[in-house]
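Subject: Structure for you to look at

Hello,

Please find the structure below, with notes on what was found in it. Keep it open while you read.

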Amino acid sequence: MVVKGVDRDLALRLDAIRREHGETVHVDQVAEVVRAILDTMKGDLNAGDIKLYREIESLADYIHAAKAEIAALRPGDIKNEFIATATDELDAIVGATEAATNQIMDAAERIEGLAPMMDSEVAQRLTEVTTQIFEACTFQDITGQRITKVVKMLKEIEGRVESLVRALGSEMEGPGEKAAKALVTDEDLLNGPQLPASAADQAEIDRLLASFD
Amino acid sequence: MAVDKNMNVLIVDDYKTMLRIIRNLLKQLGFNNVDEATDGSMALQMLRVGNYGLIISDWNMEPMTGLQLLREVRADPKLKAIPFIMVTAESKSENVIAAKEAGVSNYIVKPFNAETLKTKMVTVIGDFA
């Protein structure tokens, strides 16, 4: 075997050096031994192979570093918490603006219904005003379409993050930073409006307050 | 020839609110016989059994888009003469060109106002003021 051959050459040279110089060896002689050892490796690894090996090794180091950095970003949290929350919030905006638009239109239609009870000039002006209200309500369609577009993009990002998590392994799915936090700060309490499904209504708030009495 | 304001108008949009807005605007223009569909395929079924004088349709709907509806209408000998106004947020010139090539009568970009709707309707079906 090559390794045994190298060991034998090394042992012979070291014995010869010891016989000639005792336990103190000059640096040049160490270099000569190393060169001799490298010479014995000819045919097994050439300079090109070593360069390639080093490149692969540095690539592996780079991948390990990138993986660690990605893990620090917690892609599992991005997929499971942030994107999911963002899409839910956007869906809630669409629902809320649609409901508000319908309420505005209900009111405008009721106002329009009063027109026949008024003289023609006032009725005409009333109709003009309600027309402007109907025109303004078209914003809901446009904002709805824009938000739907954003939700589609977020879903696309979510899919790609999911692929990344799958490719990089289960360590990417660590517990969220929030879950690890023991203390609740004032900032943690600022959650903004809640989604309809999780929002407490006034009656629930009143019951909760009453429970302190 | 005078425009018959009693004609049946079919409005097509997947946003119920938009259907309601167009219906109200049409009512203010004197058109009270208005039917609604929420996509192209539903509209096509209604067109094949009804008698409509005007179609006002959105573009971006599922499963059948407004452009597909337009093509179906223009390919049907019984329906092809019905004026078709596209009312859509799609405002790229390629969209307008595609609609024109498919035989659209006129094109309104959302958001729009009552005056624009009226102007385009007059262009398509004649003056009804």
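What percentage of the 129 residues in chain B do buried residues make up? Buried residues make up 50% of them, where buried means under 20% relative accessible area, exposed over 50%, and partly exposed in between, with a 1.4 Å probe and protein chains only.

Some ground rules come before the rest. This is a predicted model, in which local features need pLDDT of at least 70, side-chain atom pairs count only at pLDDT 80 or more, and totals for chains, interfaces and linings use all residues. Residues are numbered from 1 along each chain as its sequence is written, chains are lettered from A and ligands numbered from 1 in the order in which they are written, and side-chain values use heavy atoms, with hydrogens and water left out.

Chain B

Chain B has five helices and five strands; helices (H or I, at least four residues) and strands (E, at least two) are DSSP runs, numbered from the N terminus. Read from the N terminus, the order of elements is β-α-β-α-β-α-β-α-β-α. Of the contacts (heavy atoms within 4.5 Å) in chain B between residues at least 6 apart in sequence, 62% join residues at least 24 apart.

Where the chains meet

The contact draws on 20 residues of chain A and 18 residues of chain B. Together the two chains bury about 1,700 Å², with 52% of it on carbon and sulfur atoms; buried area is the accessible area (1.4 Å probe) that two parts lose on being put together, summed over both.

Three salt bridges are counted between chain A and chain B, each a side-chain nitrogen of Lys or Arg within 4 Å of a carboxyl oxygen of Asp or Glu. A salt bridge joins the side chains of Arg20(B) and Glu109(A), at 3.0 Å from N to O. On the side of chain A that touches chain B, two or more residues each come from helix 4 (75-113), helix 5 (120-136) and helix 6 (139-168) of chain A. Helix 4 of chain A gives the most, with seven residues.

Look for Asp141(A) in helix 6 of chain A. Asp141(A) has a relative accessible area of 1%, so this residue counts as buried. Asp141(A) touches Asp13(B), Tyr15(B), Met18(B) and Lys110(B), leaving aside residues up to four places away in sequence.

Regards
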